[in-house]
Amino acid sequence: MNRTKVRRLTMAALMGAIAFILMYLNFGVPFLSPFAEFDLSALPEMIGGFILGPAGAVEIIAVKILLILVFKGTSSMFTGEVQNFLLSLAYVLPAVLYYRKHRTKKGAAIGLALGSVLSVIVAIFTNLYLIFPAYIYLYGMSWDSIIEICSAANPWITDVPTFAAFSVVPFNVISRAVTSVITMLVYKKISVPLKKLIQ
């Protein structure tokens, strides 16, 4: 294994560790849903992906999830970790793949927008048809009990469609918008020294 490859793998591991640490600096968004927690862990995933490419992005996300399982464990019978992995991929990969072909500020912005839109769409389908159904099955709950919990915090949530409309969609839109704006603001400033580390 040559030195450049070792440095690339080391950077992927480092960015994954930073993403893991940022997950601890989270806060709830109870006015949307008791299940909504915002963090900036996608920021190093995106920046690292822009530098290392799609394979590097997947490695960063994988490292983050593995560190979560090793040091924090799971409190959702792995449904939360699966969702985190899927949404990270849906957000980061489209942006990284687009930016690789259009390496301009405009290309980065379009890539981030594409990733944001796709991740919101994926969030809707995975929440409604994969993650929450699995969570409900594993914990012996029902959609009615989930909606009741959510409606106590957000009265606009009265059924599954309004759960998607007034919790899943706004949370993911806000989360991706914040991360994308920060990425645009800081990427050029920190990408140059980071790229030098792997050359």
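This is a predicted model: local features need pLDDT of at least 70, side-chain atom pairs count only at pLDDT 80 or more; totals for chains, interfaces and linings use all residues.
## Ground rules

Local features here need pLDDT of at least 70 and side-chain atom pairs count only at pLDDT 80 or more, while totals for chains, interfaces and linings use all residues. Numbering runs from 1 along each chain as its sequence is written, and side-chain values use heavy atoms, leaving out hydrogens and water.

## The largest core

A nonpolar core is a set of buried Ala, Val, Leu, Ile, Met, Phe, Trp, Tyr and Cys residues joined through side-chain atoms within 4.5 Å. Buried means under 20% relative accessible area, exposed over 50%, and partly exposed in between (1.4 Å probe, protein chains only).

The largest core has 28 residues, and M11, M46, I47, F50, I51, L52 and V92 touch the most other members. Beyond four places in sequence, M46 is in contact (heavy atoms within 4.5 Å) with Y91, V92, A95, V96, L112 and T183.

Is I147 buried or exposed? I147 counts as buried, because its relative accessibility is 9%.

Setting aside neighbours within four places in sequence, I147 is in contact with I157, T158, D159, V160 and F163. What about G49? I147 and G49 sit 98 residues apart in sequence and 36 Å apart in space, C-alpha to C-alpha.

L118 is partly exposed, because its relative accessible area is 37%.
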